[in-house]
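Trainee: Please give me a close look at one part of this model, and then set it in its wider surroundings.

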Amino acid sequence: MTWNHEQMCTRAAAELKDGYYVNLGIGIPTQVANYIPRGVKFTLQSENGMLGMGPFPTKETADPDLINAGKQTITELPDSSYFDSATSFAMIRGGHVDLAILGALQVSENGDIANWMVPGKMVKGMGGAMDLVAGVKKVVVIMEHNSKDGGAKLVKQCSLPLTGKKVVNMVITDLGVFTIESGKLSLIELADGVTVDEVQKRTEAPFAVLAH
């Protein structure tokens, strides 16, 4: 038994604190906003120029002009604000965003991340990923533990083009939760029904076991 996307997002949402400014990457990370613990107040920032994003709209209330960086329709809040892309990236590059929750193709044992392209496949562009991993205070990755062909995604060294070096602080997969500190990977939580032995068999990178 492994965690599903809902459980992975719920675990990631536990990293959000009161007053945080947060950027959610496209894919699984955008779902984190649906599982925020009650009472936690934070602000979502989107690199296409919006601060204070609301929940996803219903089909009847969707406004095609109101989108996040992943081109998903969203809603605004009473205190939402809008600005140009240069201002948005100044927030990111200036260290004003507390947390980025991103997807990844690979993460290495020392915190390198590859998440913006696969060689030989069509690329829409790197988006804001490179700025996010370099500018935010904490980077959490949510991803499936293995690729569709069964290959490891937690690796000794990334084989895909890097988005950033030594920038990932935490990785949440369907098997559990890992932290990366001082270039070392540690397993701190196991998904229900998952064993350390299973994680070791499905992981290329060496890791310490701190989970009970």
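Mentor: Lys 166 sits in the loop between strand 9 (154-155) and strand 10 (170-172). Strands here are DSSP runs of E with at least two residues, helices are runs of H or I with at least four, and both are numbered from the N terminus. The model is predicted, so local features need a pLDDT of at least 70, side-chain atom pairs count only at pLDDT 80 or more, and totals for chains, interfaces and linings use all residues. Residues are numbered from 1 along each chain as its sequence is written, and side-chain values use heavy atoms, with hydrogens and water left out.

Although Lys 166 is not a glycine, its phi is positive, at about 50°. Most residues other than glycine have a negative phi. Lys 166 counts as exposed because its relative accessible area is 64%; exposed means over 50%, buried under 20%, and partly exposed in between, with a 1.4 Å probe and protein chains only.

Ser 182, in the loop between strand 11 (176-181) and strand 12 (184-190), also has a positive phi of about 50° without being a glycine. With a relative accessible area of 79%, Ser 182 is exposed.

Two further loop residues widen the view. Glu 60 belongs to the loop between strand 3 and strand 4, and its relative accessibility of 69% makes it exposed. The C-alpha atom of Glu 60 is separated by 29 Å from that of Gly 103, 43 residues apart along the chain. Leu 105 lies in the loop between strand 5 (99-102) and strand 6 (106-108) and is partly exposed, at 31% relative accessibility. Between the C-alpha atoms of Leu 105 and Asp 149, 44 residues apart along the chain, the separation is 13 Å. Leaving aside residues up to four places away in sequence, Leu 105 touches Ala 114, Asn 115, Trp 116, Met 117, Val 118, Lys 153 and Leu 160, where contact means heavy atoms within 4.5 Å.

Strand 2 (43-46), strand 3 (50-53) and strand 4 (76-82) each supply at least two residues of its lining, and strand 3 gives the most, with three. A pocket is an open set of points on a 1 Å grid over the protein atoms alone, where a 1.4 Å probe fits and protein lies on both sides within 12 Å along at least five of seven lines; lining residues have an atom within 4 Å of a point. The volume of this pocket is about 320 Å³, meaning the space filled by probe spheres set on the points, which are joined across faces, edges and corners. Among its 15 lining residues, Phe 42, Leu 44, Met 53, Gly 54 and Leu 77 lie nearest the centre. By class, the lining comprises nine nonpolar, four polar and two charged residues; Ala, Val, Leu, Ile, Met, Phe, Trp, Tyr, Cys and Pro count as nonpolar, Asp, Glu, Lys and Arg as charged, and the others, including Gly, as polar.

Finally, the whole chain has four helices and 13 strands. Its C-alpha trace spans about 50 × 35 × 30 Å along the principal axes. Of its 212 residues, 45% count as buried. Among contacts between residues at least 6 apart in sequence, 61% join residues at least 24 apart.
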